[in-house]
Amino acid sequence: MSLLRLSTGEGCGLVIGAYPPFRYDARGGGGLGELGPANQAGLQALEFDPTALPIPPLTWRTTRFLGLPLPPGLSIAIEAEQLAGSLDSATGTLALHFKARFHFAIGSVYRAPALQVDTQLSSGAVSSRRHQRSGSPWRPMAPLCSLVWR
């Protein structure tokens, strides 16, 4: 088995459901994943340890919504529970299953119950009734900020 480093960068987009896209500076996130041998289709299994996978929170410093920063004090922390899937090393296409808890807070005044997220992330093109996005293929040593929520 070999290791693959996933690092997130600035200039990212985040699309969640019917909401307009968020602009997200995800610098500082990522971790090491275990990369298995290629199967007959050329896909390699990829799995990350969720306890060693920091994801920057969405705050007024990292996130813009409708062109404006989030209000100060509002934050959404992301606690990864699972990130695993496959890498097609020939094309750089990543397909990952992501499970996490999103923790919404307004300062120390209000903390909502955790929102459980269970979704597929892809570095390829995805579309829904409201959104169409295309990610970028993985390249060694390049920050990844273009995984797209399905």
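1. A quick definition to start: a residue is buried under 20% relative accessible area, exposed over 50%, and partly exposed in between. Please keep in mind that this is a predicted model.

2. With that scale in hand, take Glu81: its relative accessible area is 28%, so it is partly exposed. Glu81 pairs with Arg101 in a salt bridge whose closest N and O atoms are 2.8 Å apart. The pair links distant parts of the chain, with Arg101 in strand E9 and Glu81 in strand E8, 20 residues apart.

3. Arg101 also forms a salt bridge with Glu79, where the closest N and O atoms are 3.4 Å apart. Here too distant parts of the chain are linked: Arg101 lies in strand E9 and Glu79 in strand E8 (residues 74-88), 22 residues apart. Arg101 is partly exposed at 31%, and Glu79 counts as partly exposed at 32%.

4. The structure holds four salt bridges. Another one joins the side chains of Asp25 and Arg27, at 2.5 Å from N to O. Asp25 counts as buried because its relative accessibility is 19%, under the 20% cut-off, whereas Arg27 is partly exposed at 49%. Glu10 is linked with Asp25 and Arg27 in a network of salt bridges.

5. Now for the largest pocket, which has a volume of about 340 Å³. It is lined by 15 residues, and the closest to its centre are Ile16, Tyr19, Ile76, Phe102 and Leu115. The lining has 14 nonpolar residues, one polar and no charged.

6. Which strand gives the largest share of that lining? E11 does, with three residues. Strands E9 (93-106) and E11 (115-122) each supply at least two lining residues.

Conventions. Residues are numbered from 1 along each chain as its sequence is written. This is a predicted model: local features need pLDDT of at least 70, side-chain atom pairs count only at pLDDT 80 or more; totals for chains, interfaces and linings use all residues. Side-chain values use heavy atoms; hydrogens and water are left out. On a 1 Å grid over the protein atoms alone, a cavity is a set of points where a 1.4 Å probe fits but cannot get out, and a pocket is an open set with protein on both sides within 12 Å along at least five of seven lines; lining residues have an atom within 4 Å of a point. Grid points are joined across faces, edges and corners, and a volume is the space filled by probe spheres set on the points. Helices (H or I, at least four residues) and strands (E, at least two) are DSSP runs, numbered from the N terminus. Ala, Val, Leu, Ile, Met, Phe, Trp, Tyr, Cys and Pro count as nonpolar, Asp, Glu, Lys and Arg as charged, and the others, Gly among them, as polar. Buried means under 20% relative accessible area, exposed over 50%, partly exposed in between (1.4 Å probe, protein chains only).
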